[in-house]
Amino acid sequence: MGKIIMVASLKGGVGKTTVSAALSHALAKMGQKTLAVDMDFGVRSLDIALGHENSASPSCWDVMTGRASLGVAVESDSREENLFFISAPMNVDCTYDTTLTDRMFTSFLKNVKREYDFVLLDMAAGTGRLLDMASNSGEVDEVLIVCTQNAASVRAAEKLGADLYKTGEEKIRLVINSFVPDRAGKNDFVGVMDITEHSSVTLIGVVPFDKRVEALISSGKTVIEDKRSLAGKALKNIARRLTGESVALFDGAVPRRHRFRLY
Ligand SMILES: Nc1ncnc2c1ncn2[C@@H]1O[C@H](COP(=O)(O)OP(=O)(O)O)[C@@H](O)[C@H]1O
Ligand SMILES: [Mg+2]
């Protein structure tokens, strides 16, 4: 039985799609059969991040509502034999369109869990029916909340963590993305220690800001493909932690000169 990992945040633009694409790729490279699911209905972008934007396959909504089979909708990846992708629908807004029921959603998660070792759900920002359906399904094994280094983003992450704990999610971990060591403690930017001291959500990793990320993503490459990318290294470390390995927090992911300071 596989594991379902939901990647979520209340705020947009913090890096959920970047993190989902990179973790899916890293897990697949590690030999884990991995399905990346775009759950950002309407504003989908995981297809671009994984280089699948030209596909016309049915979406996960089509599969959930019985319009297509999983086998037809899932696309394989040209780079990695263990990596698979399923798109989000473009014109479905689940707030108004109630075709998709809780039962259909749960049954989709149960099915993919049987076929894959890891399933990553790249959620839309904020709360909403899809997030509710996922957390009420009882099938999500772990939630990764993504935040950036500023105080408002951290506060939003804590709020989401508290809300999800209330719904019964037990394993929730925090990814601090776009981290710049030199900014810690300046203006509205916080350090890792500030976050972990005050947060009820356990940290799973810190991903440095990396100016190459944007260009890589728009060319359909994940940061995992760039051997020099510190963000890629940090995300590989998080993937290893997801499989139960113990990996030092900044292992290879923060320049040596920064490593001995406390953030
Ligand atoms: N670690 C990082 N370093 C630099 N830029 C990043 C990093 N993570 C994400 N980005 C950039 O931030 C923007 C938003 O990322 P995205 O993954 O689309 O966020 P979300 O899915 O939360 O809306 C994108 O332009 C992406 O290239
Ligand atoms: Mg996104």
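User: What makes up the shell around ligand 1, by class?
Analyst: The shell has 9 polar, 7 nonpolar and 3 charged residues, where Ala, Val, Leu, Ile, Met, Phe, Trp, Tyr, Cys and Pro count as nonpolar, Asp, Glu, Lys and Arg as charged, and the others, Gly among them, as polar. This is a predicted model, in which local features need pLDDT of at least 70 and side-chain atom pairs count only at pLDDT 80 or more, while totals for chains, interfaces and linings use all residues. Residues are numbered from 1 along each chain as its sequence is written, with chains lettered from A and ligands numbered from 1 in the order in which they are written.

User: Why is strand β2 called mostly covered?
Analyst: A residue is buried if 20 or more other C-beta atoms, placed from the backbone, lie within 10 Å of its own (12 or fewer: exposed; in between: partly exposed); 6 of the 6 residues in β2 (34-39) are buried, and therefore the strand is called mostly covered. T34, A36 and D38 cover one side, and L35, V37 and M39 the other.

User: How do you know that β2 pairs with β4 and β5?
Analyst: Pairing requires at least two DSSP bridges between the strands; β2 has 4 to β4 (83-86) and 6 to β5 (118-123), so both qualify. Both pairings are parallel, and A36 has F85 as its bridge partner in β4 and stands opposite L120 in β5.

Technical notes:
Helix = DSSP H or I, 4+ residues; strand = E, 2+ residues; numbered from the N terminus.
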